[in-house]
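Suppose you open a model with two chains and want to know how to read it.

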Amino acid sequence: MASFAAIVELIYRQVENRALYPTEEALLNGVNPAMRLLCLMDHMLHTERVAVSLAARRLTVDLRQVAARSHRVLRVLLGDATADTPALTLGQFAPLLPITRERLACLYPDWLRTVGVPSRWFLLGRHFVCVWPRPMAPVTLTLVCATVPPAAALATLASSPALDESQHAVIADLATPLLLYKEGAGEADRAVQQLRMRLGAEPFTEAAKRLRSRALPV
Amino acid sequence: MSTLADVVTRTRHALQDLDAVQAWQDAQITAALDASIMALARQHVWQGLLWLQAQANVATYAVNAQPGTRIVGIKAVLYNGSELRYASEAQLDRLTPSWEMQRTGPKWWTTDNTESPTVIRIHPPPLVTGSAVPIFPADPLPQRWQDNLVLVVAENPQVTIDLAEPLTLLEVFADPVVYETVARLAGGEGEFQALAVSAVAQALAQFFRQRLGMSS
């Protein structure tokens with residue numbers, strides 16, 4: 001397992017002047033966004049199961065409080081499924097079905113009034129998970145979320161990323177252009193080429209065109 | 001949860017602005033951060049619930065005037081626990097020419113010809129005043145929805161822009177916000193303009209937004 005320090009060392013091998021990128025910056029603007037980018041590209045790279053309690057008649061779970069590193073809710077279950085043996089809640093253990101608030105309002109305009117055993121879940125923006133009907137008694141829900149790994153810091157330099165070891169070299173490859181571009185002109189162009197190669201054409205093709213157009217003599 | 005000061009430090013690293021004499025003041029960076037967060041909020045990325053006390057015979061409610069909130073749009077309005085239907089004033093005119101005179105209790109809501117898109121008109125206005133209870137914007141439903149209004153609103157969750165304040169967004173939103181801020185500052189006219197840096201930061205912000213399922 002490569003530590004964060006080893007990944008930073010891999011980055012330093014890809015840049016010409018390592019003095020321009022202090023370790024703190026290599027972590028803050030290199031390794032951390034690179035890990036997040038990787039997880040956004042593949043939702044299954046890092047997932048979490050979180051058990052949350054919802055009081056009676058409450059509607060919402062605030063993801064910022066229970067899963068601050070989540071970026072996508074994959075499943076919601078009635079009951080606690082964080083251990084190998086699930087625990088029932090209200091005598092039941094069942095997955096809730098996803099729905100949108102708009103569709104729920106079409107089917108049941110008075111959806112807010114309904115109280116019972118939750119059977120559906122929907123998102124309110126990107127911060128709130130809601131269940132319908134509102135629970136008649138306190139319930140335990142399990143949220144299965146696609147998340148990003150804990151960010152690296154100078155204090156955790158010796159620890160390893162919470163991503164599979166096979167991804168560690170990719171983190172360094174992605175982090176390098178994320179650091180390089182700040183130099184402007186030539187380095188920015190190099191960063192865009194690397195990002196295009198590693199992440200795909202969009203939207204870096206447009207950035208490459210803009211950089212090239214500015215390089216033309218006036 | 002990181003603070004706005006942490007986000008400003010990240011931005012300064014990307015702008016190579018960590019010398020004793022700084023090119024951008026903290027206030028300039030926080031203002032650009034605020035603009036970047038607001039740009040995402042305008043896409044209705046973040047939503048919430050808001051409780052409002054209904055007043056008898058009052059049709060117009062200024063949702064954006066609620067303390068502790070930065071509302072950017074209204075998604076739905078519920079009265080007495082049921083969703084009201086949205087209608088434009090033209091539709092209401094066609095339905096009942098003198099609709100402003102009606103007093104039968106709320107059925108519709110509109111933002112047409114109000115002061116702003118965050119001021120709503122309930123039609124017909126409520127017949128009774130709902131009970132006044134404390135407001136908890138994040139989760140108002142344990143409060144009485146009977147004879148009151150509950151709104152689904154699009155909001156900017158970063159109510160306070162202060163370096164000591166936490167960034168009140170999910171961690172993944174920090175990246176598009178930082179890149180957008182770097183693009184704004186580096187792209188601005190002036191001595192420290194860096195168009196290449198701005199172009200790449202803009203592309204990175206766009207890429208993060210796309211991966212987060214937002215329109216670019």
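The dialogue below moves from the chains as a whole to single residues.

Q: Before we start, what should I keep in mind about this model?

A: This is a predicted model, so local features need pLDDT of at least 70 and side-chain atom pairs count only at pLDDT 80 or more, while totals for chains, interfaces and linings use all residues. Residues are numbered from 1 along each chain as its sequence is written, chains are lettered from A and ligands numbered from 1 in the order in which they are written, and side-chain values use heavy atoms, with hydrogens and water left out.

Q: How many helices and strands does chain B have?

A: Helices (H or I, at least four residues) and strands (E, at least two) are DSSP runs, numbered from the N terminus. Chain B has five helices and eight strands, and from the N terminus on they go α-α-β-β-β-β-β-α-β-β-β-α-α.

Q: What does the radius of gyration say about chain B?

A: That radius is taken over C-alpha atoms, and the globule rule to hold it against is 2.2 Å times the number of residues to the power 0.38. For the 216 residues of chain B the rule gives 17 Å, but the radius is 21 Å, well over that, so chain B is more spread out than a compact globule. Its C-alpha atoms fill a box of roughly 65 × 35 × 30 Å along the principal axes.

Q: And what about chain A, how many helices and strands are there?

A: Chain A has seven helices and ten strands. With a radius of gyration of 22 Å, well over the 17 Å that the rule gives for 218 residues, chain A is also more spread out than a compact globule.

Q: How much of each chain counts as buried?

A: Buried means under 20% relative accessible area, exposed over 50%, and partly exposed in between (1.4 Å probe, protein chains only). In chain B, 53% of the 216 residues are buried; in chain A, buried residues make up 47% of 218.

Q: Is strand 3 of chain B largely enclosed or open?

A: Seven of the nine residues in strand 3 (residues 71–79) of chain B are buried, so the strand is largely enclosed by the rest of the structure.

Q: Which strands does strand 3 of chain B pair with?

A: Two strands pair if DSSP finds at least two bridges between them. Strand 3 of chain B runs antiparallel to strand 8 (residues 149–155) of chain B over seven bridges, with Gly73(B) opposite Ala154(B). Two bridges also join strand 3 to strand 4 (residues 82–83) of chain B, again antiparallel, and Leu78(B) has Glu83(B) as its bridge partner there. Strands 3 and 4 of chain B form a hairpin with two residues between them, and Asn80(B) in the turn has a positive phi of about 55°.

Q: Where are the cis bonds?

A: One runs from Trp132(A) to Pro133(A), with omega near -10°. Another goes from His123(B) to Pro124(B), with omega near -15°, and Pro124(B) sits in the loop between strand 7 (119–123) and strand 8 of chain B.
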